[in-house]
Each structure stands twice: as C-alpha cells, then as structure tokens.
Amino acid sequence: MTSSYFLSQLMNGLKIGSVYAIVAIGYSMVYGILRLINFAHGDILTVGVYSILTLMAFGGLPLWLIIIISICISIGVGVMVERFAYRPLRSSGEETTLISSLAVSSILQNVIMMIFSPQKKAFHLPEYLTALHKVGSVTLSTMNIITFIAVFVILVILSIVIKRTSMGMAMRACSDNLTASRLMGIDVNKIIVMAFVIGCGLACVAGLMLAGEYKTIEPMMGFVPGLKAFCAAVLGGIGSLSGAVAGGFILGIAEMLFAGLMPTSITPYREAFVFVLLIIVLLFKPNGIFGGKEANKS
Amino acid sequence: MRTTTFKDCNILRLLVFVILPLCAIVYGASHPSGYYAGLINLAGIYIILVASLNLVNGFSGMFSMGHAAFMAIGAYISAFFTLTPAQKMASTPGLPEWLINANLPFVVALIIGGACAVVVALIIGYPVLRFKGHYLSIVTLGLIVIVRAVLDNEGEYTNGARGITGLPPKSNTVVIFIIMAIVLYFLFRLIRSQYGRGLIAMRDDDVAAQTLGINLASKKLSAFCISAFITGMAGGLFGHMQSVISGKFYYFDLSFRVVQTSIIGGMFSLSGAVPGGIIMAYLPEVLAPLETGVKLFGHQLPEMYGASNLIMAIILILIIIFRRQGLMGEHEFIVESMFSKDTYTSLFKKEEYLNIGRAFRDLFTGKWRKSKKALPEDIDNTPPVV
C-alpha cells in the first residue's frame with residue numbers, strides 16, 4: 001500500500017464526510033430543539049437533487065440560479081412538512097413525531113417516484129465543474145475543491161450566526177430547554193421553522209455534492225445517507241454544531257478507510273461498519289465523542 | 001337501573017371475536033390457493049409481529065424500529081432446519097456437517113430461530129437499553145443494515161443476495177393461527193401480570209417505577225428479548241409462507257410496515273394488533289391496481305408507481321394527527337373476549353340472551369345517553385353516609 005493510495009482514500013473520506021457533516025448539521029439542529037429524528041431530512045436532499053435535475057433539463061438557466069431556486073424549493077418543502085406533519089403533533093410524545101417523520105419520508109419518496117420514475121437517472125454536472133486537477137499525489141475535481149471551500153464557509157457563517165446573533169442565541173436556548181425558552185418570550189415556532197430552513201437548505205447543497213459524486217440519482221438515494229448522517233450527529237454528540245461536523249468527517253473518513261484499506265473479504269460490510277462503529281462509541285461515550293459531560297437528555 | 005350496551009353482551013363478543021374469525025380462518029384454510037383467502041395468513045403473521053412489537057413499543061416505552069432484523073434471523077435459522085440436505089448442499093454449502101444433515105419438526109425449527117433472535121437481541125440490547133431517548137430506534141435501524149450486510153455477503157452460509165428458495169411450505173393457516181392464539185394469550189397474561197404492570201409503570205414514569213423497586217435495565221432487556229423471540233418465530237413463519245427468503249425482504253420496508261401497523265392499530269393495546277394486521281394485509285392489495293393504472297368511474301387513470309405506499313403513508317399521518325392512540329387506544333376488549341371464560345359459557349346462560357334484547361331496547365329508547373350523565377350504577381351502590 002502506497003501513501004498516495006492512502007491519501008486518495010483519505011480524500012474520498014473527506015468528500016463523503018463533508019456530505020455527512022452538512023446533512024448532520026440539519027439533523028442535529030432539529031433534534032436538538034424538538035428531540036425528533038427527522039427521517040424525512042434525507043428525502044429533502046432527494047427533493048433538492050431532483051429539482052436541480054429538472055431545472056437543468058430546461059436549459060438556459062445558469063447553475064448558481066438553479067442551485068438557489070432548488071434550495072428555495074427544498075426549504076419550502078421542509079417548512080411545509082414542519083407545518084402540516086410535525087406542528088400538529090408538537091404536544092404529543094416523541095415517538096409520534098418520529099412515526100410522522102417516517103410517513104413523511106415515505107410520502108416524499110413515493111411522490112418523487114410518481115412524478116419521475118423509480119429508475120435511476122444520470123446526473124451530469126457541467127464540464128467546468130468536473131475537470132480534474134492534480135494536487136500532489138491526489139486527483140480532485142473542481143467540484144470537490146468548491147465543496148471543501150463551501151463546507152468551510154458554511155461552517156464559519158453558521159457558527160457566527162449561532163454564537164453572535166440573537167436568533168442563534170434563541171436557538172441555543174430552545175435546544176437547551178424548550179419550555180423555559182417559551183417562558184422567556186422566545187417565539188419558539190419561529191425558531192423551529194428557522195432550524196428547518198437552515199437544515200433543508202443545507203440538505204439541498206449536500207444532495208448536489210452527493211449526486212455530483214455518484215453521477216446517478218434515484219428516489220431512494222437520500223434515505224440511507226440521511227440515516228448515516230444522523231449516526232454522525234450522534235457520534236459527534238447530538239445537539240452541537242461542531243459535534244455534528246466532526247462526527248460527519250470522522251464517519252466519512254472511517255467508512256472510506258474501512259472500504260479502502262481492509263481486506264476485500266470484509267469491505268462489503270462498509271454500510272454495516274458505520275452502525276457497528278456507532279454502537280461501540282455509544283457503549284463507551286453515550287453522549288458522543290464531543291458530547292462532554294452533559295446530562296443524558298431523554 | 002343499569003343500562004345495557006352491546007359491550008355487555010358476551011354472546012355478541014363470542015360471535016364477533018371468536019366465531020367470525022374462526023369462520024374466516026376455516027375458509028382461508030380450505031381455500032389455500034385463493035388470492036384473498038391466502039392473505040389471511042399474512043394477516044395472522046402481522047398480528048403476531050405487531051403484538052410482539054407492542055410489548056416493546058407500547059407497553060415498555062422503548063422504541064424499536066428494527067424488528068425486521070429479528071425476523072430475518074428467525075427466517076434463516078429456521079430454514080436451516082427444515083430444508084433437505086440436498087437443498088442445503090446446493091445453496092448453503094458452508095454450513096457445518098451436522099447442520100446440513102439436521103432436519104427438525106417445523107415448530108422446533110421456529111423455536112430455535114426465535115432463540116437465535118434472542119441472542120442477537122441480548123447483544124444489541126445490553127449496551128443500548130441503558131440509555132433513554134431515541135438511541136434504541138437508531139441502533140435497531142442499524143441492526144437491519146448490519147443483518148442485511150451479513151446475509152448478502154456470507155454467501156457460503158446464506159447464498160448471498162440471491163437468497164434461499166424452495167423452503168417447504170409448512171406455515172399453513174392452521175399453524176399460523178394456533179401460534180397466533182398462543183402468542184396473544186401469552187402476551188395478554190403477561191401484561192396483566194405483575195411483570196406487565198411493572199413494564200407499564202416503567203413506561204409511564206421510570207423514576208417513580210425505580211423507587212418502587214423495579215429494575216429498569218433487566219425489565220427493558222427481558223421485554224426486548226421476549227419480543228425478539230416472538231418476532232423471530234414470526235419471521236420463520238413468514239419465510240416458510242413465501243418459500244423464498246432473501247436479505248432484501250427483511251429491510252426497511254418490512255420493518256416500517258410493521259411499525260406502521262402497530263401505530264394504526266394502536267400500540268398501547270394488544271388488541272390493536274388485530275385490526276391493524278388485517279388492514280395492513282388487505283389494504284395494499286386493494287390499492288395495488290392503482291400502480292398499474294386502473295379504470296375508475298369511467299376514467300382511465302395513468303400508471304402511478306408508489307401510489308399505494310403514498311396512500312398508506314397519508315392514512316398513517318391522518319391517524320396520528322386525529323387519533324393518536326391508534327384505532328384501539330388502550331382498549332383490550334378483542335383479546336379479552338377471546339380469552340375470557342365468560343365469553344364461552346355465555347351460550348348456556350339465559351341471562352346472556354336477555355342481555356341482547358336489553359341492549360337493543362336501550363339502544364332504541366336512547367337510555368344510554370342519559371345514563372352517561374347520571375352514572376346510576378355508582379350512585380345506587382354507594383352506602384348511605386351516616
């Protein structure tokens with residue numbers, strides 16, 4: 001095994017890890033406030049990808065406009081889901097909303113399946129994005145480089161928003177204690193919608209990255225990456241932004257190194273490895289790797 | 001005077017909850033090739049599955065979403081004991097010598113399958129059940145992925161993604177419904193026992209339950225294992241009903257479908273499994289024509305892939321918004337009627353026949369409306385205060 005092979009696997013890990021990290025932020029925000037595993041989050045990603053595909057098929061529009069419109073569509077779908085499937089159930093138990101999110105996930109998948117077909121579709125980015133560059137011993141496409149920069153920028157902006165603005169402060173308060181925040185005069189519904197807006201917008205971006213990487217898309221494509229992103233959020237310590245990002249990168253790199261470096265007889269266990277890793281981490285650090293000594297929130 | 005409602009008529013209970021289902025079962029058993037009759041087996045298996053899932057999700061306050069993994073384990077392990085040695089040599093040559101030659105009665109094979117599911121449940125449950133919240137949900141979902149990966153990649157033992165075909169069709173209507181009756185009776189006695197009340201106490205308030213001397217960890221783990229055992233058996237039944245098993249049948253789809261069934265029927269009651277299972281077995285088949293395009297009121301509808309799943313999901317959301325506790329809520333009258341002595345002795349009591357008449361009379365005279373306000377029974381029976 002050469003070091004360049006190791007490096008290229010590491011790069012692959014970073015690529016997939018950045019997707020997990022971005023999706024995990026959305027999961028983590030929603031979970032932090034509502035204690036809801038939003039299974040539909042992965043399917044919002046699919047919605048975003050399909051709207052990008054449809055808008056690209058029209059032709060004529062520049063890519064940045066397409067992405068912005070698609071982000072708006074994803075956000076619209078996400079906010080509608082929150083309004084009609086989660087808000088009526090706010091007062092009931094955690095399991096109820098969990099089931100509701102499963103049902104929403106099923107609805108989104110099947111609607112996409114009905115509008116487009118259940119078959120896989122090719123997804124091609126414009127050529128100036130897929131051009132390859134050689135950086136040292138690893139090869140990266142323009143898209144990858146933009147992705148890394150974008151992830152970095154998104155993280156900086158988000159952490160400023162969450163640390164410095166009053167909206168971010170309200171979000172942290174809600175995540176800490178929803179009832180007390182309401183008593184302090186915070187408009188909780190606004191904060192929750194805001195969490196969905198940020199999460200769904202990021203999911204659309206992550207969908208673009210994922211589709212650009214795999215080059216094919218299908219109606220079910222978002223579900224398993226979404227699940228893994230939730231694992232990433234749990235790994236890093238759920239409810240914290242930096243934890244979600246770190247968890248995403250750790251999971252992505254671990255998965256790719258597992259797939260690239262282990263003997264070929266056990267590499268098909270790549271998907272299973274993610275969950276085994278999760279169980280092992282939970283065994284020793286129930287609050288996640290960066291979860292600290294915070295009390296075990298129920 | 002106390003008014004009589006139809007709930008008090010044991011004969012009606014006998015008719016609706018025992019004789020009617022028995023007729024349906026006998027009809028299903030005598031028409032094994034009939035399409036809708038064959039679905040009754042599926043309904044029976046769903047009832048077993050949902051009852052066992054309700055023990056965990058409804059009565060113990062945990063939330064497992066990965067019961068399909070236990071089904072898969074039960075299906076594969078039980079298949080190892082019912083296939084002929086020649087079939088096993090062809091599809092699963094990696095098995096040890098004694099297992100290839102092993103051939104056990106169907107029920108024993110099912111029990112072994114269930115026991116293996118319990119072993120996995122112990123391994124998964126021990127680290128995870130100590131935590132509150134959603135950890136169990138996500139880990140059991142992960143378990144489905146892990147089990148699928150093992151089934152698809154250990155070709156020596158499982159024939160890989162192709163799956164195992166040609167399982168003997170041993171799970172007929174009679175076997176399924178006898179097992180269903182035993183499971184329902186066992187679970188019904190269990191939740192009415194001290195153990196079951198402990199579970200419910202734990203669900204409602206774990207701290208208070210702990211102060212009353214309930215060992216939360218062992219209680220959670222044991223309930224999870226009982227549920228896994230029954231689910232493993234149901235998985236074996238399912239596999240032998242379809243006669244084909246493969247990792248892809250026991251994936252998210254099936255797991256979510258079982259959870260969905262449990263929610264529709266009502267996860268806080270065993271009885272909920274019965275209407276839930278029947279609806280879930282028949283509704284997709286009724287909706288299936290939508291997927292291939294169907295003529296409705298003279299209009300030719302286009303082909304819509306995923307239409308039946310979509311409608312099921314919408315029904316699910318409507319149910320949890322408008323009837324959160326499911327169809328049955330916390331009522332147990334279906335299972336109660338099935339296993340209560342009064343139901344069966346009612347045929348020989350004159351009083352019971354009179355009750356039906358009274359119920360009809362009270363229905364038409366509308367007395368039941370007044371009785372709700374006055375609660376005459378309570379007032380009459382209270383001893384006078386001196």
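Because the model is predicted, local features need pLDDT of at least 70 and side-chain atom pairs count only at pLDDT 80 or more, while totals for chains, interfaces and linings use all residues. Residues are numbered from 1 along each chain as its sequence is written, and chains are lettered from A and ligands numbered from 1 in the order in which they are written.

**Exercise 1. Describe how H1(A) crosses H9(A), and classify the residues of their contact.**

Axes are lines fitted to C-alpha atoms, for helices over the stretch in contact, and angles run from 0 to 180 degrees between N-to-C directions. The axes of H1(A) (residues 3-34) and H9(A) (residues 188-214) come within 9 Å and cross at roughly 165°. Angles under 35 degrees count as roughly parallel, over 145 as roughly antiparallel, 65 to 115 as roughly perpendicular and the rest as oblique; H1(A) and H9(A) are therefore roughly antiparallel to each other. The crossing is left-handed, a term used if the near helix is turned anticlockwise from the far one by less than a right angle, with right-handed used if clockwise. The contact of H1(A) with H9(A) holds 20 nonpolar, 3 polar and 2 charged residues, where Ala, Val, Leu, Ile, Met, Phe, Trp, Tyr, Cys and Pro count as nonpolar, Asp, Glu, Lys and Arg as charged, and the others, Gly among them, as polar.

**Exercise 2. Which elements of chain B give two or more residues to the side that touches chain A?**

Two residues are in contact if their C-beta atoms, placed from the backbone, lie within 7 Å. The contact takes 33 residues from chain B and 38 residues from chain A. On the side of chain B, the elements that give two or more residues are H6 (106-128), H7 (135-153), H13 (252-265) and H16 (307-322). H7(B) gives the most, with 10 residues. By class, this side of chain B has 24 nonpolar, 7 polar and 2 charged residues.

**Exercise 3. Is Gly114(B) buried or exposed, and which residues does it touch?**

Gly114(B) lies in helix H6 of chain B and counts as buried, because 25 C-beta neighbours lie inside 10 Å. Not counting residues up to four places away in sequence, Gly114(B) touches Gly74(B), Phe229(B), Ile230(B), Gly232(B) and Met233(B). Of these, Phe229(B) is 115 residues from Gly114(B) along the chain, yet their C-alpha atoms are separated by 4.3 Å.

Definitions and conventions. Helix = DSSP H or I, 4+ residues; strand = E, 2+ residues; numbered from the N terminus. Buried ≥ 20, exposed ≤ 12 C-beta atoms within 10 Å, placed from the backbone.
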